[in-house]
Amino acid sequence: MQTSINELIEKYANIATSTIGHVLDEGHLAQIHAINRIHHVTGRVRTATLASINAMNLRDALLQSEPNDVLVIDARAIPNRACWGEQRHRAAIYHQLAAVVVIGDVTDCVALREMKLPVFARSVSCLTTRHQGESLVEHGQEIMVDQTRIASGDLMIGDADGVFILSPEIAQDLWPTFQDMEAQEQHKRHHFFNQHHPRDYYHAEQRR
């Protein structure tokens with residue numbers, strides 16, 4: 001029986017990206033990092049491709065989004081120019097997105113670091129988009145990043161270590177493997193801290 005994307009979102013709620021990275025290369029978004037403080041996030045991908053300095057039509061992607069969507073924006077056509085900042089991030093929070101992933105740059109990093117919604121990007125820039133010329137934004141297009149194909153409806157898993165985007169089929173097939181790996185890791189951790197105190201290893205005591 002095919003697992004729904006919502007079921008996969010729940011199943012991957014406790015699967016670390018580093019666990020996936022022990023098994024897969026495909027699906028990893030290299031050089032995409034968390035801009036603000038996050039623990040773990042999963043969601044359904046919705047893609048947008050920006051091909052102009054004018055990014056106004058990104059608002060359509062927000063309007064079409066549903067709760068738990070992850071907006072993945074391909075902004076490689078405007079290198080070194082930020083297409084995402086505080087104002088758009090507030091709109092993303094209002095529309096209850098799970099996260100935003102920018103294959104490119106963001107701005108307003110001080111504000112973004114204080115905001116609740118996870119945002120991932122390649123880098124930060126003070127050079128931004130502007131209302132100049134036509135706004136060329138395509139919605140729902142497949143995006144290729146290195147060997148990774150990203151499509152609307154895929155599963156995104158992100159945390160402080162990075163981002164993976166998996167097709168529902170791959171996510172479903174490999175979830176038992178990842179679940180077993182997480183269980184083994186927790187078992188080893190609990191075994192170790194039955195003999196040692198966490199305060200000897202961490203700045204703040206970790207929950208056991």
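Author: The mean positions of the 19 positive and 26 negative charges of the protein chain lie 7 Å apart; Lys and Arg count as positive and Asp and Glu as negative, with His and the chain ends not counted, and each charge is placed at NZ of Lys, CZ of Arg, CG of Asp or CD of Glu. This is a predicted model, in which local features need pLDDT of at least 70 and side-chain atom pairs count only at pLDDT 80 or more, while totals for chains, interfaces and linings use all residues. Residues are numbered from 1 along each chain as its sequence is written, and side-chain values use heavy atoms, with hydrogens and water left out.

The structure holds 7 salt bridges, a salt bridge being a side-chain nitrogen of Lys or Arg within 4 Å of a carboxyl oxygen of Asp or Glu. One of them joins E66 to R44, with 3.6 Å between the closest N and O atoms. This pair links distant parts of the chain, 22 residues apart: E66 is in the loop between α3 (58–64) and β3 (69–74), and R44 is in strand β2 (residues 40–50). Helices (H or I, at least four residues) and strands (E, at least two) are DSSP runs numbered from the N terminus.

E66 counts as partly exposed, at 44% relative accessibility, whereas R44 is buried, with a relative accessible area of 15%. Here buried means under 20% relative accessible area, exposed over 50%, and partly exposed in between (1.4 Å probe, protein chains only). R44 also forms a salt bridge with D69, the closest N and O atoms being 2.6 Å apart.

R149 is partly exposed, with a relative accessible area of 36%, and E142 counts as exposed, at 54% relative accessibility. Returning to R44, salt bridges that share partners join R44, R46, E66 and D69 into one network.

As for the setting, the protein chain contains 6 helices and 11 strands. Its radius of gyration is 18 Å, close to the 17 Å that the globule rule gives for 208 residues, so the chain is as compact as a globular protein of that length; the radius is taken over C-alpha atoms, and the rule is 2.2 Å times the number of residues to the power 0.38. Buried residues make up 46% of the 208 residues.
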